[in-house]
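Subject: Structure handover

Hello,

Please find the structure below, with the sequence alongside. My notes on what was found in it follow, one region at a time.

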Amino acid sequence: SCTVNDLGGDFKGYGKSSSAADQVVDEIRAKGGKAVPNYDSVEDGEKLVKTALEAFGKIDIVVNNAGILRDRSFVRISDEDWDIIHRIHLRGSFLVTRAAWNHMKNQKFGRIIMTSSAAGIYGNFGQANYSAAKLGLLGLANTIAIEGRKYNIHCNTIAPTAGSRLTQTVMPQDLVDAFKPEYVAPLVVWLCHESCAENGSLFEKLLCLFLELSGWCFPLVRWERSLGAIVRGKNQPMTPEAVRDKWEKVCDFDNASKPRTIQESISVLSDALSQIESQGDISMNSTGSGSVVSSSASIVGRKLGTNMYKYTHLEPILYALGVGMSTKDPDHLKFLFEGSEEFCCLPSFGVIPAQTSMFDGVPSLSGLNIDLARVWKSKQNITMCPCSILTGELRSVATVADILDKGSGAVLLIDVNTYCGKDLVCYNQFSLFFVGAGGFGGKRTSEKAKLTAVPPQRPPDAVISDVTTADQAALYRLSGDWNPLHVDPSFAALGGFKKPILHGLCTFGFAARNVLKQFANNDVNRFKAIKARFANPVYPGETLQTEMWKEGNRIHFQTKIKETGEVAIAGGYVDIVPALEKPSAREPLRAGGLQSNLVFEEIGRRVKDMGNELVKKVNAVFQWDITKDGKTAMQWTIDLKNGSGAVYQGPAKNFADTTFTLSDEDFMDVVQQKINPQKAFFSGKLKVKGNIMLSQKLEMILKDYAKL
């Protein structure tokens with residue numbers, strides 16, 4: 001039994017009609033349910049609750065879902081546009097919930113749902129009023145969850161993406177049709193069930209994803225999202241029971257992702273829809289650590305598995321921060337800012353996708369006794385291959401190369417080959433030392449091990465000092481090495497350490513970037529291979545001294561701990577390739593045969609004919625960065641702000657209001673309307689910087705003037 005409230009206005013809040021609520025009531029009654037309509041505004045919360053009480057005698061559940069849109073860029077939002085959004089979304093939810101509160105409290109049961117939005121979680125251009133109200137609902141829900149707990153009143157928040165009267169104004173119709181509201185409803189049903197104990201949580205997107213806020217007084221809050229679970233098959237209905245059955249998986253925070261933008265959030269939906277259509281499963285990349293040995297005969301040569309590692313510009317930047325790079329050093333900007341013309345990954349980033357593959361397979365090896373607290377990386381080797389992929393997907397294949405008995409411990413040699421498509425990107429060899437796991441009668445050396453090298457017997461040619469921060473390990477672990485040895489004092493104590501230690505590969509990264517800067521001028525293309533042996537642990541807060549010697553194209557190095565004088569990394573070396581002459585100026589790759597050139601030339605001809613009219617209509621400068629094989633192949637500028645307009649090759653001469661980046665092929669698909677621009681944007685094919693709202697004007701121009 002339910003009361004259906006709908007004022008019946010349009011998506012901006014104008015007008016009133018009984019038809020919307022009546023239609024839903026009729027549908028419920030037709031299926032054998034009981035329902036009554038209510039046509040009041042949510043600002044009249046008492047009237048809504050009164051309707052329910054008069055019809056059914058009690059109120060158990062409130063689903064706050066009323067909303068309208070008044071989208072404007074921030075500086076154009078009027079007081080009325082701001083106030084009405086908050087009145088309907090935030091204040092309306094408060095008033096309806098408050099009217100129902102005492103009834104729920106007295107009966108010792110209540111379930112409340114707040115409806116937030118991805119715009120509230122991540123922000124969205126042109127929706128400052130809407131975003132603020134929607135995130136305000138989350139704060140309201142979290143407090144209600146706390147205050148209602150003792151009365152068995154639970155409050156949760158959903159942030160769905162679904163086709164509705166609101167979203168059909170901003171979504172292409174094919175997405176509206178795909179994101180059916182009935183794919184969201186089962187989640188709400190489960191959260192409102194008397195046996196569901198969930199309280200104070202936020203759920204996003206068709207139930208595939210789960211987010212949770214945690215923290216005390218005034219800490220920074222980190223958003224995490226589980227991999228979630230697809231709970232319907234192709235051509236199968238969504239049901240509350242399917243949600244219940246996958247609940248443990250939905251709430252599994254192992255390998256949680258951390259979306260930072262609305263684009264990252266929405267991109268998952270396309271993947272989920274594709275997997276449903278193909279009846280595939282979600283690929284779950286797990287990370288862990290650990291292991292040890294009892295027998296070796298059946299382990300050597302065993303393939304640990306294949307791991308797929310997806311990454312954007314975020315992961316290389318996070319890694320660079322984790323190994324001590326800072327915007328205080330101008331030379332570091334190319335590794336920290338995705339907008340830099342020279343943006344690239346540190347070569348040592350190659351350990352990240354490889355270690356994930358290793359961590360996945362080692363704990364599952366039969367014959368190994370796992371003890372996370374007593375694993376230590378003793379050596380690390382990376383051989384790099386030419387690769388310009390800055391974002392995408394890498395495939396790593398890990399194999400046990402050998403196992404050694406060192407008496408006091410066991411050493412597991414693991415080879416990992418990482419590929420981009422069919423091309424080898426890098427080769428890693430990890431040496432894992434397991435304290436106390438030796439004495440099983442195995443060999444002490446292996447011809448498969450990559451050997452370190454003794455540095456020259458002379459003072460170093462260069463020394464660079466880096467002070468690690470107290471949170472260095474906490475920051476570095478965000479790149480994927482989640483071993484609690486590096487953050488949990490009690491876990492570190494189990495391993496015999498006085499406090500959590502720094503990741504060996506973090507110290508390794510400090511050394512690698514110092515060699516790159518000192519002897520290769522931060523040119524990653526000159527970095528060929530690196531080898532090092534971990535000698536002693538480093539504690540966060542200690543000072544690292546990288547000592548370097550140049551011997552031809554090989555740079556020997558070792559890292560000392562300044563405070564103790566101990567060597568942390570010994571016998572290290574980096575092989576570099578000689579510097580090549582570079583062009584005097586950076587120019588986009590001149591790639592012939594770009595189809596997009598024909599479009600821009602045609603636009604240029606028509607701008608000459610209608611430039612004055614277009615300048616009045618658009619008043620903006622657009623820059624296009626057209627890519628081919630992942631590199632910028634051509635730049636075009638459409639200036640519809642100055643004079644009578646112009647179209648020319650190259651970047652904007654003064655300032656671009658909006659910059660678009662996409663491949664030549666995807667550009668043609670957009671222009672020929674084979675793909676909707678919004679869909680290209682959500683899927684990551686089209687990247688936009690600057691004033692995204694102006695893209696709507698450009699879309700109109702492309703449709704009207706650029707058909708070939």
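I will start with one histidine. H89 lies in helix α3, which covers residues 79–107. Keep in mind throughout that this is a predicted model. Is H89 buried or exposed? Its relative accessibility is 1%, and buried means under 20%, so H89 counts as buried. The side chain of H89 makes a polar contact with the side chain of K134, at 3.2 Å. Leaving aside residues up to four places away in sequence, H89 touches A66, G67, I68, Y130, A133, K134 and L137.

Helix α3 also packs against another helix. Its partner here is α2 (residues 45–56); the angle between α2 and α3 is about 45°, and their axes are 7 Å apart. The two helices are therefore oblique to each other. The crossing of α2 past α3 is right-handed. On the α2 side the contact is made by G45, E46, L48, V49 and L53, and on the α3 side by L95, V96, A99, A100 and H103.

Strand β16 (residues 543–551) pairs with β17 in the antiparallel sense, over 8 bridges. Within this pairing, M548 stands opposite F557 of β17. The two strands form a hairpin with 2 residues between them, and G552 in the turn has a positive phi of about 65°. On to the second pairing: β17 and β18 (residues 567–576) are also antiparallel, with 6 bridges. Here R554 stands opposite D575 of β18. β17 and β18 again form a hairpin, this time with 5 residues between them, and G565 in that turn has a positive phi of about 80°. How enclosed is β17? Of the 8 residues of β17 (residues 554–561), 6 are buried, so the strand is largely enclosed by the rest of the structure.

Further along there is an open sheet. Its 5 strands come in the order β21-β20-β19-β22-β23, and the pairing is mixed. The edge strands are β21 (646–649) and β23 (687–690), each of which pairs on one side only. On average, neighbouring strands of this sheet are turned by 20° against each other, direction ignored. Inside the sheet, β19 (residues 620–628) and β22 (residues 658–663) run parallel and are joined by 6 bridges. For example, I626 has L662 in β22 as its bridge partner.

Two helices lie across strands of this sheet. Helix α17 (residues 595–618) lies across β19, β20 (631–640) and β21, and runs at about 25° to β20. Helix α18 (residues 664–671) lies across β19 and β22, and runs at about 110° to β22.

Most residues other than glycine have a negative phi. N521, however, has a positive phi, near 55°. N521 sits in the loop between α16 (504–520) and β15 (527–534), and with a relative accessible area of 68% it is exposed. N619 has a positive phi too, of about 55°, although it is not a glycine. N619 is in the loop between α17 and β19, and its relative accessibility of 46% makes it count as partly exposed.

Regards

Terms used: Residues are numbered from 1 along each chain as its sequence is written. This is a predicted model: local features need pLDDT of at least 70, side-chain atom pairs count only at pLDDT 80 or more; totals for chains, interfaces and linings use all residues. Side-chain values use heavy atoms; hydrogens and water are left out. Two strands pair if DSSP finds at least two bridges between them. Helices (H or I, at least four residues) and strands (E, at least two) are DSSP runs, numbered from the N terminus. Axes are lines fitted to C-alpha atoms, for helices over the stretch in contact, and angles run from 0 to 180 degrees between N-to-C directions. Contact means heavy atoms within 4.5 Å. Buried means under 20% relative accessible area, exposed over 50%, partly exposed in between (1.4 Å probe, protein chains only). A polar contact is a pair of N or O atoms within 3.5 Å; within protein, one must be able to donate a hydrogen and the other to accept it, and residues adjacent in sequence count only if both atoms are side-chain atoms. Angles under 35 degrees count as roughly parallel, over 145 as roughly antiparallel, 65 to 115 as roughly perpendicular and the rest as oblique. A crossing is left-handed if the near helix is turned anticlockwise from the far one by less than a right angle, and right-handed if clockwise.
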